[in-house]
Amino acid sequence: MPESLWYKNAVFYEVYVRAFFDSDGDGNGDLNGLTQKLDYLQSLGVDCLWLLPIYPSPLKDDGYDISDYTGIHPDYGTLADFKNLLEAAHARHIRLIMDLVLNHSSDQHPWFQAARSDRNSPFRDYYVWSDSDKKYDQARIIFVDTEKSNWTWDEAAGQYFWHRFYSSQPDLNFDNPAVRAEFLRIMRFWLDLGVDGFRVDAVPYLFEREDTNCENLPETHAFLKEIRRYVDKNYPGRILLCEANQWPEDVRTYLGDGDEFQLAFHFPLMPRIFMGLRRADSVPIEWALTHTPSIPENCQWCTFLRNHDELTLEMVTEEERQWMWEQYAPEARMRLNLGIRRRLAPLLDNDPRKIGLAFSLLFTLPGSPIIYYGDEIGMGDDLQLPDRNGVRTPLQWDAGLNAGFSSARSIYSPVIGVAPYDPERVNVETSRSTNGSLWSRIQAMIAIRKSHPALCCGDLAWLDCGLPAVAAYLRRGSREHMLMVHNLSAVPQMIDCVLPEDFHGKIVDLLTSQAMGKTQGRLLLSIQPYEYRWLSIA
């Protein structure tokens with residue numbers, strides 16, 4: 001595979017810097033702390049770090065409300081610290097991408113402060129204003145729990161301003177060429193420092209047009225293609241990852257003809273992995289993949305189980321959403337907007353079998369997988385904390401003070417203190433030293449995945465075993481064929497099915513290195529509850 005396509009076989013790791021490791025004892029994780037822990041990430045097998053926003057911000061939305069796009073929040077360190085992190089990561093062959101928040105700024109950004117204070121300011125047109133709150137009335141409200149309108153009256157400005165998210169995050173006006181030029185300048189600043197690309201936030205909402213839902217507009221795609229041309233021309237090998245929480249056919253458009261984003265999150269697949277596990281039925285997972293359009297050769301999906309936000313249920317039907325809430329969020333405090341604010345381990349009953357099986361699906365279905373910090377050791381959540389803060393608690397390094405995260409008396413967020421997720425039971429130190437731990441199983445899966453290109457780029461075909469609870473699929477590579485088998489149920493399954501003609505030969509279980517004889521044209525296999533098998537056939 002050409003080096004320029006490195007992202008197609010990469011394992012990404014999502015880092016909330018504030019939660020990772022505190023190097024200076026002020027109670028906040030910081031860039032130097034992340035630098036000190038790069039060897040840990042390298043040992044896990046991580047290829048690329050995705051940093052949540054580290055820019056100066058009032059932190060009304062945990063950094064997604066940016067007040068300076070080319071600075072570092074003082075809690076995290078300095079620009080020199082960031083350069084040191086980047087150099088240290090690259091020395092370990094770990095790439096790094098940053099969040100680029102195009103859609104909106106903080107209301108504390110100097111642009112907005114100038115815009116609201118003077119109608120004649122050149123910055124007035126950096127935002128979207130109206131004398132009425134009735135414009136664009138077909139656009140949905142995204143944060144339904146907190147916002148009643150996409151318009152907010154600003155007394156100083158004497159007009160309403162437009163926002164698709166919190167009212168403290170006014171949307172930028174991308175019809176203004178000056179705004180578009182600002183973001184090319186911002187990207188140039190970070191790319192010149194050596195960052196390997198951007199995860200671009202909330203891209204469907206950049207432009208507004210009357211009589212539309214103000215999502216996925218042609219003007220949006222035109223600007224995103226302009227960004228891609230700029231990056232390809234000036235910084236070849238850098239990547240753009242698209243956050244578009246949309247249905248498969250709409251997400252697909254953000255890859256263009258291979259000339260827009262290189263990567264896009266597979267939002268429709270994620271909730272259906274949880275559906276399949278709870279129903280003991282592979283159909284939801286198959287549905288997501290069979291309804292996924294083909295993509296250009298130079299593009300890739302990014303797959304994930306959880307992230308820093310709620311487990312979004314926007315890409316399911318209303319009936320499915322209600323069912324998911326009943327099954328995975330029976331208490332009202334577990335729900336947020338149109339989703340579930342829980343971490344992976346609690347969602348899957350803290351059952352090592354189910355959690356391992358979910359990661360097996362993540363690493364063997366098409367796409368580049370993303371691990372959310374702490375999920376590799378089975379961290380829990382804190383439902384006492386508001387909003388999404390419950391899934392953004394400190395990484396638990398050991399069983400000591402503040403779970404080894406910080407030496408401070410007071411830290412930005414309490415460590416999980418309730419069994420079975422407390423640091424005495426869940427921490428990095430114990431996980432790394434225990435054979436068969438979740439961490440060690442994930443490390444092994446990553447290593448195997450990297451040595452078998454069919455898992456990242458091979459074709460996928462579903463194998464009908466006549467057993468609804470078994471998710472079995474074939475991955476065909478140029479040199480190797482692989483068969484992935486997952487028992488989604490709590491009861492053993494006996495598989496007896498015919499294999500395709502080209503799946504004949506010796507079988508090796510890659511997870512155990514056990515030779516299993518020859519196929520003889522059939523697969524005969526007994527598989528235990530929530531067991532998964534990675535079979536190489538050659």
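1. Three strands make up an open sheet, ordered β11-β13-β12, with antiparallel pairing. Its edge strands are β11 (311–312) and β12 (335–336), and each of these pairs on one side only. Keep in mind that this is a predicted model.

2. β12 meets β13 (residues 339–340) in the antiparallel sense, over two bridges. For R335, the bridge partner in β13 is I340.

3. The largest nonpolar core has 160 residues. Within this core, F12, Y13, F82 and F359 touch the most other members.

4. F12 deserves a look on screen. Leaving out residues up to four places away in sequence, F12 touches residues that include W6, Y7, C48, I97 and I239. Further along the chain, F12 also touches L263, C302, S368, P369, I370 and I371.

5. On to charged pairs. Side chains of opposite charge can pair when their charged atoms come close. The structure holds 36 salt bridges. One of them joins the side chains of E243 and R199, at 3.3 Å from N to O. E243 sits in the loop between β8 (239–242) and α8 (248–252), while R199 belongs to strand β7 (residues 197–201), so this pair ties together parts that are 44 residues apart in sequence. Buried or exposed: which is E243? E243 is buried, at 13% relative accessible area. R199 is buried as well, with a value of 1%.

6. A second salt bridge links D349 and R278, whose closest N and O atoms are 3.3 Å apart. D349 is in the loop between α12 (344–347) and α13 (352–364), and R278 is in helix α9 (residues 269–279); the pair therefore ties together parts that are 71 residues apart in sequence. D349 counts as partly exposed, at 43% relative accessibility. R278 is partly exposed too, with a relative accessible area of 27%.

7. The side chains of E318 and R321 meet at 2.5 Å, N to O. Both residues are in helix α11 (residues 318–328); because they are three residues apart, about one helical turn separates them. E318 is partly exposed, with a relative accessible area of 45%. R321 counts as buried, at 9% relative accessibility.

Key. Residues numbered from 1 in each chain as written. Predicted model: local features only at pLDDT ≥ 70, side-chain atom pairs only at ≥ 80, totals over all residues. Heavy atoms only, no water. Pairing = 2+ DSSP bridges. Helix = DSSP H or I, 4+ residues; strand = E, 2+ residues; numbered from the N terminus. Core = buried A, V, L, I, M, F, W, Y, C linked by side-chain atoms within 4.5 Å. Buried < 20%, exposed > 50% of the residue type's maximum accessible area, 1.4 Å probe, protein only. Contact = heavy atoms within 4.5 Å. Salt bridge = Lys/Arg side-chain N within 4 Å of Asp/Glu carboxyl O.
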